[in-house]
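Subject: Structure for you to look at

Hi,

Here is the structure I promised to pass on. Please open it alongside this message, and my notes on what turned up follow below.

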Amino acid sequence: MATTGIVNGTLFILYVSTDAGSSYNAVGSSTSASLSLNMDTRETTNKGSAGWRTLLESTRSWTAEAEQFFIMDATLGPDELGDIITNRTKCKVKFSTELNGDTYWYGDAYLTSMDAPLEDSSTISLSFEGTGILTKDTN
């Protein structure tokens, strides 16, 4: 049954597939995950706009981010994530609760950054930039 009411953000997890979506691995021990949808606009302001800026829609884009504890032997750990960047691997990314009836989103993306802090609990921040359409489906 689909989740109703205000959804606890802890339920959402970012999953990554490097085999065209045949299998996904959760960004393990994640402490946060987010999915951002954006739409650019194009300027249409003209002399007839009475001094008001006018716009029309333009391209859409999406990004996904997660933070996880730095665990060397994780299924999707620092070695695997580093290889994704080094090899310029296009991944499938899925943002989901994995609960029956809930909506999830997925698409192709590139891992564009992997950062680790200094003098803090060892975590890795991950940023994925979507390429192409973000698809919505139901578990």
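Helix H1 covers residues 78–86, and in this predicted model its buried residues are Pro-78, Leu-81, Gly-82 and Ile-84. These four sit on the same side of H1, because the arc they cover around the axis is only 155°. What does that buried set pack against? The partners are strands S1 (13–17), S4 (55–69), S5 (90–96), S6 (103–115) and S7 (123–130). If you follow the chain just past the end of H1, you will find Arg-88 with a positive phi of about 55°.

The core comes next. In general, nonpolar side chains of soluble globular proteins tend to be buried together. Here, the largest nonpolar core contains 18 residues. Which of them have the most contacts inside it? They are Leu-14, Val-16, Val-27, Ile-84, Val-93, Leu-126 and Phe-128. At least two residues of this core come from each of S1, S4, H1, S5, S6 and S7.

Setting aside neighbours within four places in sequence, Leu-126 is in contact with Val-27, Ala-64, Glu-65, Ala-66, Gln-68, Leu-81, Leu-111, Ser-113 and Met-114.

Now for the charged pairs. As a general point, side chains of opposite charge can pair when their charged atoms come close. The structure has four salt bridges, and here are notes on some of them:

- Arg-42 with Glu-57: the closest N and O atoms are 3.5 Å apart. Arg-42 belongs to strand S3 (residues 30–43) and Glu-57 to strand S4, so this pair ties together parts that are 15 residues apart in sequence. Arg-42 is partly exposed, at 42% relative accessibility, and Glu-57 is also partly exposed, at 43%.
- Lys-92 with Asp-108: this salt bridge has an N to O distance of 2.8 Å. It links distant parts of the chain, with Lys-92 in strand S5 and Asp-108 in strand S6, 16 residues apart. Lys-92 counts as partly exposed at 21% relative accessibility, and Asp-108 as partly exposed at 22%. For reference, the cut-off for buried is under 20%.
- Lys-94 with Glu-98: the N to O distance is 3.2 Å. Is Lys-94 buried or exposed? At 11% relative accessibility, Lys-94 counts as buried, whereas Glu-98 is partly exposed at 38%.

With a relative accessibility of 66%, Ala-50 counts as exposed.

Happy browsing, and all the best

Technical notes
Residues are numbered from 1 along each chain as its sequence is written. This is a predicted model: local features need pLDDT of at least 70, side-chain atom pairs count only at pLDDT 80 or more; totals for chains, interfaces and linings use all residues. Side-chain values use heavy atoms; hydrogens and water are left out. Buried means under 20% relative accessible area, exposed over 50%, partly exposed in between (1.4 Å probe, protein chains only). The arc is that of the directions from the helix axis to the C-beta atoms. Contact means heavy atoms within 4.5 Å. A nonpolar core is a set of buried Ala, Val, Leu, Ile, Met, Phe, Trp, Tyr and Cys residues joined through side-chain atoms within 4.5 Å. A salt bridge is a side-chain nitrogen of Lys or Arg within 4 Å of a carboxyl oxygen of Asp or Glu.
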